[in-house]
Amino acid sequence: MLERREICIFASRPLSHDAPARPASARRSGPLKGAFRAPGDKSISHRAFLLGLLSVGTTEISGLLEGDDVLRTGAAARALGAAVERRGEGRWSVRGAGLGSLLAPRETLDFGNAGTGSRLTMGVVAGHAIDARFDGDASLRKRPMRRILDPLVAMGAQVIEQGEGGRCPILLRGTAEPSPIEYRTPVASAQIKSAVLLAGLNSPGRTTVIESEASRDHTEKMLAHFGASIASEAFGEAGRKITLQGRPQLVARPVIVPADPSSAAFPLVAALITPGSDIVIEGMMMNPLRTGLLTTLLDMGADIAVLDRRTEGGEDVADLRVRASALRGVDTPAARAPSMIDEYPILAVAAAFARGETRMNGLHELRVKESDRLAAVAEGLRVNGVECAIEGDDLIVRGKGAAMGGGSVATHLDHRIAMSFLVMGMASDKPVQVDDETMIATSFPTFRPLMARLGADIA
Ligand code: S3P
């Protein structure tokens, strides 16, 4: 049985992000109790579809995140020549077209809200002699794409059409023989790194990417898993140098998707700030390039026990027991930003409930996420009576151990802004409203029922 979401995406019908805005409101809740597994990791789910497309044979995926963003990438993989089938809940199979044998998509690849899906797929297309048109929703159309297109053009791809400032809609013409390049990423971004590596797959030589701060390494790990020859070594103080040998024989491999720490972050912080809570988050991915929030919350005095560390599907995972805690303000170093880049909105909520000042340093990349998250978070805190300031690229939250709430938050088509402020409402004096919860379906479609099961009062 196909679900509505899947039918919509695979038949190119209107999607949840085209649907009218749906406000939601969270009120004082809890205590939160229970054990659960967060949905599959979004980053790994996108990559599973794309590597399945580029491989020979059938890739079986389990634990896939069935959020709109990822299903868009599945639809793109299908448009580029893969046979993509849903086998059951979170279980998908992808019969690959194979590296060098992609088809030109007949229609525009509509990535909706998905920055990762669109940017990684640009890398895939750039390494093939095909044209593909990329587009998305109002949020995606605002996001910078030059950072992806510049290295792809250096490799031989051509941008035939583009929106203002190199943004979507974009018509990209790939090349059958991408030049091997050495590329230094201008910012720590796994999306830039991954786009270059995916384009470099079809290059006759070696592609090297240098990043001065390490970003998430799922592409490197998964490429190795599918049979590519790829090496990663330390570069400078905190960077990496990644070298990929072109034209590997990519062979279909099973992918087990671990639980997404960026989604688990919402119930995790909800439990910390909602008095009396005691929850267990099962199978959360503990890849050190993704655990910056955990490090920070532990610094803040959070009562989180890391239990049963193990390996699942090539990633470290663990169960987390989380109990309501009295948090204190901390400084987060800019160098930690890549490992918690998507978690600042919910960290800002935790900081509001901490005692003392939290200073989050080096948040410039937050300005180019699904929304300008720096501005959206500060505004959301202010309308709920939390004192905060933006100083350059830093966010300062003056926590008082409680929040007044009562505000209505503009979410700007940003799922993480919506979830963060609904979590805030669960522990505030007055309810917190968000203007639109529909975008939550991009990354955490089960957010509402899961939070309700734990004891959240969201309507
Ligand atoms: C992602 C990388 C990050 C992150 C995004 C997912 C990925 O973006 O914010 O949600 O899967 O590669 P940047 O690479 O732009 O930092």
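A contact here means heavy atoms within 4.5 Å. This is a predicted model: local features need pLDDT of at least 70, side-chain atom pairs count only at pLDDT 80 or more, and totals for chains, interfaces and linings use all residues. Residues are numbered from 1 along each chain as its sequence is written, and side-chain values use heavy atoms, with hydrogens and water left out.

**Core**
- Methionine 424 touches Val349, Ala352, Phe353, Leu381, Asn384, Val386, Ala403 and Val432, leaving aside residues up to four places away in sequence.
- Met424 belongs to the largest nonpolar core, which has 76 residues; such a core is a set of buried Ala, Val, Leu, Ile, Met, Phe, Trp, Tyr and Cys residues joined through side-chain atoms within 4.5 Å.
- Leu297, Leu381, Val397, Met424 and Phe447 touch the most other members of that core.
- A second, separate core holds 62 residues, among them Leu50, Ala76, Val125 and Leu172.

**Burial and contacts**
- Of the 459 residues in the protein, 61% are buried (under 20% relative accessible area, 1.4 Å probe, protein chains only).
- Among contacts with a separation of 6 or more, 76% join residues 24 or more positions apart.

**Fold and dimensions**
- The protein has 13 helices and 24 strands (DSSP runs: H or I of at least four residues for helices, E of at least two for strands).
- Along the principal axes, the C-alpha atoms fill a box of roughly 60 × 50 × 45 Å.

**Charge**
- There are 54 positive and 54 negative side chains, and the centres of the two sets lie 1 Å apart.
- Lys and Arg count as positive, Asp and Glu as negative, without His and the chain ends; charges are placed at NZ of Lys, CZ of Arg, CG of Asp or CD of Glu.

Technical notes:
Buried < 20%, exposed > 50% of the residue type's maximum accessible area, 1.4 Å probe, protein only.
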